[in-house]
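Thanks for coming, everyone. Let me put the structure up, and then I'll walk through it.

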Amino acid sequence: MDILNVDKITKIYRRGFKGTRVTAVQDVAFSLTENHITGFVGPNGAGKTTTIKMIMGLVRPTAGRVTMMGKPAESTASRAGVSYVSEQPYFYKHLTVGETIDFSARLVGIKRAAVDSERKRVLEAVELTGREKAKVRSLSKGQQQRLNMASGLLGDPKLLILDEPMSGLDPPSRRLFRSLFKKLGDEGKTIFFSTHVLEDIEAVCRDVVVLDGGKLRFTGSVASLLEKGALGTELVVSSLPDNLTADLRADGLEVSRSPGDETLILIPAPKNPAAYQRKLYEQGIFCLSIQKRTMPLESLLYGANDGLANTAGDGGVS
Amino acid sequence: MRVIWLVALNTFKETIRNKVLYNILLVAAVVLLLAMSFGDLSVMSRVQVMSDFGLATMSLTGLLLAVFIGVGVLGSEIADKTVYGVLCKPVDRIQFIIGKFSGLFATLALNFLLIALIFITAITLMTGHAPQPEIFYSIFLLMIEMSIIIAAAIMWSCFTTPTLAAIFTLAFYVSGHLNDLITLNADIQNNPILKTILIILHYALPNLEFFNIRTQVVFELPIAPGHITFAAIYGVLYAALLLLFSSILFSRKDL
């Protein structure tokens with residue numbers, strides 16, 4: 001069963017006195033299966049937050065529907081076992097760290113007797129142990145975001161929906177969050193994780209959903225996405241004879257001399273690298289190294305190319 | 001019920017930690033102290049002046065609390081987005097509205113209790129005996145009236161800005177107290193359209209004068225039999241209707 005199913009959702013806002021229609025999200029459809037970390041990528045204004053708000057039932061879609069664990073997003077039951085961590089930490093300023101966690105814990109249905117141990121567990125996970133009595137407003141931005149994350153871990157949710165959770169964090173906090181996500185992923189949690197920092201996607205996610213201009217650009221595994229940006233295979237060989245260099249160049253391969261006796265050969269993506277490897281081997285030339293060369297994820301997603309237009313790949317997201 | 005209780009408790013904590021509440025209580029204490037000295041200047045007895053001022057102070061502080069804190073409890077949740085932290089959990093928006101209302105009503109009840117303690121103690125010290133029971137009926141009806149105002153403040157907060165919601169709540173309070181005048185105006189109207197509008201307004205707005213038995217209490221006049229019960233049922237139903245309407249509006253709101 002899909003843990004999350006987004007079925008052709010559209011959101012049109014009406015702005016200004018005349019009620020001008022502004023389409024924030026258009027016909028976005030994807031679904032997540034369990035136990036995967038899926039990145040939700042797109043530039044600012046792509047419609048990521050609106051989509052997440054529709055998933056969480058905070059905004060009503062103009063068209064389409066969202067179901068979580070088979071239940072419609074508007075229903076209260078759909079949010080049982082699901083946690084949401086917003087981009088900005090929105091807390092009640094009159095509460096302390098401990099009170100904030102206790103309040104959230106009771107809201108997710110944790111019994112009063114279990115609240116203490118649950119508070120300790122989640123604060124430890126985000127390295128905020130010992131700050132229970134501190135007022136939320138006295139915490140730094142990074143600590144507030146960690147508290148936000150701690151609140152999201154309450155009740156051992158099956159699905160975590162994170163809206164740019166690492167936005168504005170310092171490097172140690174980013175490292176903490178990344179390792180936390182990996183740990184949660186290893187525990188079999190499903191994480192849907194919005195960001196525009198592509199490094200985080202490559203480091204943490206298995207699958208990716210790409211949104212741009214309110215429209216879906218790509219769904220599939222990060223590997224299949226990188227495959228689309230494959231530029232070719234790089235071989236480093238030694239002592240390449242001149243006649244063979246000319247042959248390879250005639251075939252459309254890039255051949256360049258490196259310092260020393262080494263030669264760099266780039267086999268463009270559509271060509272079969274194994275065939276050229278065999279050809280070199282038959283001439284008694286061995287490869288010193290073989291490496292895939294891919295377009296950086298940033299150029300692939302945000303560059304001027306149409307390679308991602310409404311494409312679906314493999315993986316736990318479709 | 002658990003969720004309503006949690007939201008109500010959080011709202012109660014939020015409001016009692018709000019400086020506005022203490023300012024309102026300070027105003028109430030000052031007015032009551034002044035009332036003690038006004039007794040000698042009035043044609044009424046000191047006890048009558050104290051009762052009148054005491055009940056009027058409760059009405060005023062209740063209104064101030066309902067408007068300044070009532071509008072804020074929902075309006076600021078939406079503006080500050082703290083509402084996300086609650087509604088992204090398995091919480092129904094109706095539960096949230098009822099919890100907010102209950103928390104604010106509990107603050108109001110505490111506020112009334114403190115003011116009542118001050119002026120009832122003052123009356124007891126002045127007369128040497130406990131005040132007449134009608135004074136408690138009056139406080140009870142004031143609380144019912146304020147529950148309507150709080151529900152109205154929450155309803156306006158569902159679809160407009162906190163400033164406008166405060167203005168609308170004040171207008172609602174004033175027009176509720178002038179409801180009898182609307183009826184009188186409708187009776188003498190020749191224009192059928194205006195007459196119809198006034199009749200609709202008369203029925204749509206609450207008649208807040210139902211909850212005002214201050215004159216009867218101060219001058220020890222008889223209260224019509226069944227008035228307290230009728231006013232209480234009317235008030236509770238009206239507040240429930242406003243909360244239902246608020247819940248429908250809030251359920252449809254994009255946050």
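Predicted model: local features only at pLDDT ≥ 70, side-chain atom pairs only at ≥ 80, totals over all residues.

**Two chains and a helix pair**

Two packed helices are described by the angle between their axes and the distance between the axes. Here the angle is about 160°, and the axes of α2(A), residues 97-107, and α1(B) are 10 Å apart. That angle makes α2(A) roughly antiparallel to α1(B), because over 145 degrees counts as such.

Which residues of α2(A) meet α1(B)? They are Phe103(A), Arg106(A) and Leu107(A). Across from them, α1(B) brings Val3(B), Leu6(B) and Asn10(B). By class, this helix contact has four nonpolar residues, one polar and one charged.

Now the whole interface. Chain A gives 20 residues to the contact, and chain B gives 20 residues. On the chain B side, α1 (2-16) and α4 (83-87) each supply at least two residues. The most comes from α1(B), with five residues. Sort the chain B side by class, and you get nine nonpolar, three polar and eight charged residues.

Next, chain A on its own. Its secondary structure comes to 10 helices and 15 strands. Along the principal axes, the C-alpha atoms of chain A fill a box of roughly 80 × 50 × 40 Å. Chain A has 318 residues, and 39% of them are buried. Now look at contacts in chain A with a separation of 6 or more: residues 24 or more positions apart account for 71% of them.

On to a sheet. Strands of a sheet pair through backbone hydrogen bonds, either parallel or antiparallel. In chain A there is an open sheet of four strands, in the order β2-β1-β4-β5, with antiparallel pairing. Which strands stand at the edges? They are β2 (20-32) and β5 (71-72) of chain A. Each has a single partner strand, so one side of each is left without a neighbour in the sheet.

The partner of β5(A) here is β4(A), residues 63-68, and two antiparallel bridges join them. In one of these strand contacts, Met68(A) has Lys71(A) of β5(A) as its bridge partner. Helix α1(A), residues 48-55, packs on this sheet. The helix touches β1 (4-15), β2 and β4 of chain A. Its direction makes about 115° with that of β1(A).

Last stop: strand β3(A), residues 37-41. Is β3(A) enclosed or open? Five of its five residues are buried, so β3(A) is largely enclosed by the rest of the structure.

In a regular strand the side chains alternate between the two faces of the sheet. Follow that along β3(A). Ile37(A), Gly39(A) and Val41(A) point one way. Thr38(A) and Phe40(A) point the other way, and all of these residues are buried.

What does β3(A) pair with? One answer is β8(A), residues 190-195, which runs parallel to β3(A) and is joined to it by five bridges. There, Val41(A) stands opposite Thr195(A). Another is β9(A), residues 207-212, also parallel to β3(A), with four bridges. In β9(A), Val209(A) is the bridge partner of Phe40(A).

Definitions and conventions:
Residues numbered from 1 in each chain as written. Chains lettered and ligands numbered in written order. Buried ≥ 20, exposed ≤ 12 C-beta atoms within 10 Å, placed from the backbone. Contact = placed C-beta atoms within 7 Å. Nonpolar A, V, L, I, M, F, W, Y, C, P; charged D, E, K, R; others polar. Pairing = 2+ DSSP bridges. Axes fitted to C-alpha atoms, helices over the stretch in contact; angles between N-to-C directions. Parallel < 35°, antiparallel > 145°, perpendicular 65-115°, else oblique.
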